[in-house]
Amino acid sequence: MSLPKDDAAELSARWTEGVLLKRDVFSTVERGRFRGDNCEVDAVLRRLDEVPWWSFLLARHLFAREKHALALAKGLNVGPELLWAGRRALVRGFVDGVALHLAKPHGDLAYFRSAKAALRRLRRAGICHNDLAKEQNWLVGRDGRAYVTDFQLAACFARRGRLYRILAYEDLRHLLKHKRSYAPEALTPRERKILAKKSFAASLWLVTGKKVYRAITRGLFNFTDREGGGRRLVNDAPVLAELIRKNPAVRDTAIVAFADRRSGVGLYAFVEADQATLEGQLRSELSAAKGPKPPEHIQVVHALPRDTSGKPRTEILQLVAMNQLDLIEPMMKNDQDRAFLKDILEQRKNLRDRFNFEADLPAG
């Protein structure tokens with residue numbers, strides 16, 4: 001399904017393709033550059049031209065909801081600005097920050113104060129986001145502030161009736177769940193009371209609507225959105241990781257997903273080992289095992305980046321796999337981290353889908 005001629009002409013004149021961020025049955029999302037009236041800016045494009053026919057009506061509905069919500073939120077400084085919108089494509093501004101599940105703002109009270117203020121601004125504009133349970137939809141800006149993104153499920157209200165109040169309450173409750181994960185000691189007594197009390201609509205959704213939603217998205221649409229990785233990250237990655245660890249030369253491995261222009265979702269395996277030539281052997285072993293499709297990329301590294309508990313820092317590896325290199329620098333804690341990361345970046349495999357972000361990274 002192609003874009004309308006007017007959409008295609010506008011994008012051809014003003015859009016520069018960059019990094020593919022996500023592709024599913026509802027849209028294709030990529031990061032690139034958009035030429036405005038006065039300058040060219042970093043931006044994100046959502047387009048419906050590669051959506052299959054059987055999900056197009058729902059995809060168009062979600063697209064319309066996002067388009068309306070972004071237009072209403074313009075100037076609120078709570079998320080991406082709507083830069084341009086056509087019939088089957090829209091361009092929103094790029095927020096310089098990383099998703100909550102990647103940034104992990106433990107103990108960052110200023111961030112959660114900012115997040116609460118963002119919700120207040122959305123409420124005053126009559127916008128309920130409706131998808132804030134996902135950490136991917138909360139961003140930690142380079143300025144330390146909270147931003148929200150992905151307004152496909154947003155609902156906009158001219159009047160603050162009962163439904164509006166219920167949905168706004170649930171937006172707040174989902175924010176407080178994230179605060180409980182990253183700054184539990186900062187929860188106030190009132191916030192704890194909100195966390196303990198779901199709205200009637202939310203309780204009803206859990207026992208009825210959510211089951212139907214999962215049956216449709218995971219069954220009919222074959223859609224699973226775990227950090228954008230889909231079914232391959234959920235089902236295939238654990239099996240592949242166990243097969244890789246069986247090789248005696250391998251100390252550990254971490255597998256992350258990335259959007260791929262050819263296959264939709266690709267897997268990228270970072271393998272901790274000393275043998276730089278191990279990749280070919282691992283590919284042969286994975287193919288011989290006749291299990292899930294091997295990862296598109298396998299990169300052997302001397303050591304995986306780890307957090308204080310010793311777990312691999314998959315949030316960094318995820319950004320390497322996605323070529324979002326400019327977003328990594330704020331997550332580096334010291335010169336040792338930067339030197340280590342430089343080694344990984346110089347050997348990275350996913351070079352087909354690139355954008356010129358490297359200039360923002362300091363040298364190791």
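1. Buried residues are those under 20% relative accessible area, exposed ones are over 50%, and partly exposed ones fall in between (1.4 Å probe, protein chains only). By this definition, the buried residues of helix H11 are Glu-315, Ile-316, Leu-317, Gln-318, Leu-319, Val-320 and Ala-321. Helices (H or I, at least four residues) and strands (E, at least two) are DSSP runs, numbered from the N terminus. H11 spans residues 314–321, and because seven of its eight residues are buried, the helix is largely enclosed by the rest of the structure. Just after H11, Asn-323 takes a positive phi of about 60°.

2. The model is a predicted one, in which local features need pLDDT of at least 70 and side-chain atom pairs count only at pLDDT 80 or more, whereas totals for chains, interfaces and linings use all residues. Residues are numbered from 1 along each chain as its sequence is written, and side-chain values use heavy atoms, with hydrogens and water left out.

3. Overall composition. The protein has 12 helices and 13 strands. Of its 364 residues, 50% count as buried. A contact means heavy atoms within 4.5 Å. Among contacts between residues at least 6 apart in sequence, 64% join residues at least 24 apart.

4. The largest nonpolar core. A nonpolar core is a set of buried Ala, Val, Leu, Ile, Met, Phe, Trp, Tyr and Cys residues joined through side-chain atoms within 4.5 Å. The largest has 38 residues, and Tyr-111, Leu-119, Leu-122, Trp-138, Phe-151 and Leu-175 have the most contacts inside it. At least two residues of this core come from each of H2, helix H4 (109–124), E8, strand E9 (146–148), helix H5 (162–182) and helix H6 (189–196). Domain 1 (5–93) and domain 2 (97–220) both give residues to this core, so it lies between them; the domain bounds come from an automatic or database domain assignment.

5. Not counting residues up to four places away in sequence, Leu-122 touches Leu-76, Val-78, Ile-127, Val-148 and Phe-151. Apart from the core described above lies another, of 27 residues, among them Leu-317, Val-320, Leu-325 and Ile-328. Leu-317 and Val-320 are also listed among the buried residues of H11.

6. Salt bridges. The structure holds 31 salt bridges, a salt bridge being a side-chain nitrogen of Lys or Arg within 4 Å of a carboxyl oxygen of Asp or Glu. Arg-33 pairs with Glu-40, with the closest N and O atoms 3.3 Å apart. Arg-33 counts as partly exposed because its relative accessibility is 25%, and Glu-40 is likewise classed as partly exposed at 32%. Glu-81 and Lys-74 form a salt bridge at 3.8 Å, N to O; Glu-81 is partly exposed at 26% relative accessibility, and Lys-74 is partly exposed at 48%.

7. The closest N and O atoms of Asp-252 and Arg-245 are 3.1 Å apart in a salt bridge. Asp-252 counts as buried, because its relative accessibility is 14%, whereas Arg-245, at 35%, counts as partly exposed. Salt bridges with shared partners join Glu-242, Arg-245, Arg-251, Asp-252, Glu-272, Asp-274 and Arg-306 into one network.

8. Positive phi in loops. Most residues other than glycine have a negative phi. Asn-130, which is not a glycine, has a positive phi of about 75° and is placed in the loop between strand E7 (127–128) and strand E8 (138–141). With 26% relative accessibility, Asn-130 counts as partly exposed. Lys-290 has a positive phi near 55° and lies in the loop between helix H10 (278–288) and strand E13 (297–301). Since its relative accessibility is 73%, Lys-290 counts as exposed.

9. A nonpolar surface patch. Met-1, Trp-53 and Trp-54 form a nonpolar patch on the surface, with about 410 Å² of accessible area together. Patches are made of residues with over 30% relative accessible area and no salt bridge; like charges are joined within 9 Å, and nonpolar side chains (Val, Leu, Ile, Met, Phe, Trp, Tyr) within 5 Å. Trp-54 lies in the loop between strand E3 (40–47) and helix H2 (56–72), and Trp-54 counts as partly exposed because its relative accessibility is 38%.

Notes. Areas by Shrake-Rupley, 256 points an atom, 1.4 Å probe, with all protein chains shown as cover.
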